[in-house]
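Hello,

Here is the structure I promised to pass on to you. Please open it and keep it beside you while you read my notes.

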Amino acid sequence: MRGRRVKPAILIGASTLVVACGSAGAAATNQASATAYNMQVDELAAGKLDSLPTGTQFVRVLLFQQPPGASVPSRKHQGGLIYEQSGQQTLTYSDGTSLTLVAGQATYLASVQHSHKNTGSTTNAWYFIALWPSVQRGQPLVSPSPP
């Protein structure tokens, strides 16, 4: 198995984000449990999956880095969470709506066609965390041409 070294806090946060995409009650319970251990929990993003992938699944944590002005078109794929580690990006959906994320912000990305553009003046770094069916493990992550 190959992988990049990622800060343990990111992996723990990613796991929490993927698992804790639940109700406000779950967030309150997580906060109460964390407080008992002198910790704080902030929900960065949550979303609803239309359905879980069938068959064997795996969690994929991807780190993307884009120079200023770079834009990446993306096909429709598994819904998941985007966490902007540094810099900023504008996420534009196929219906024309957009959302700008800055360092420390996160959002749920539904399974829709979209693009990611670094609208800042420095290289950005962002994570995409999602649950994928194992049959998609070998497929390219980024399309070489617009969808």
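Below is what turned up, beginning with a sheet and ending with some rings.

First, this is a predicted model, in which local features need pLDDT of at least 70 and side-chain atom pairs count only at pLDDT 80 or more, while totals for chains, interfaces and linings use all residues. Residues are numbered from 1 along each chain as its sequence is written, and side-chain values use heavy atoms, leaving out hydrogens and water.

Two strands pair if DSSP finds at least two bridges between them. Strand 4 (residues 88–93) pairs with strand 7 (residues 114–117) over four bridges in the antiparallel sense. Look there for Thr92, whose bridge partner in strand 7 is Ser115.

Now the rings. Phe64 and Trp126 form a stacked aromatic pair, 4.5 Å centre to centre with 20 degrees between the planes. Rings of Phe, Tyr and Trp (its six-membered ring) pair with centres within 6.5 Å; planes under 30 degrees apart are stacked, over 60 edge-to-face, the rest tilted. Phe64 sits in strand 1 (residues 57–66) and Trp126 in strand 8 (residues 124–133), 62 residues apart.

Is Trp126 buried or exposed? Trp126 is buried, at 2% relative accessibility, whereas Phe64 is partly exposed at 22%. Buried means under 20% relative accessible area, exposed over 50%, and partly exposed in between (1.4 Å probe, protein chains only).

Best wishes

Methods: Helices (H or I, at least four residues) and strands (E, at least two) are DSSP runs, numbered from the N terminus.
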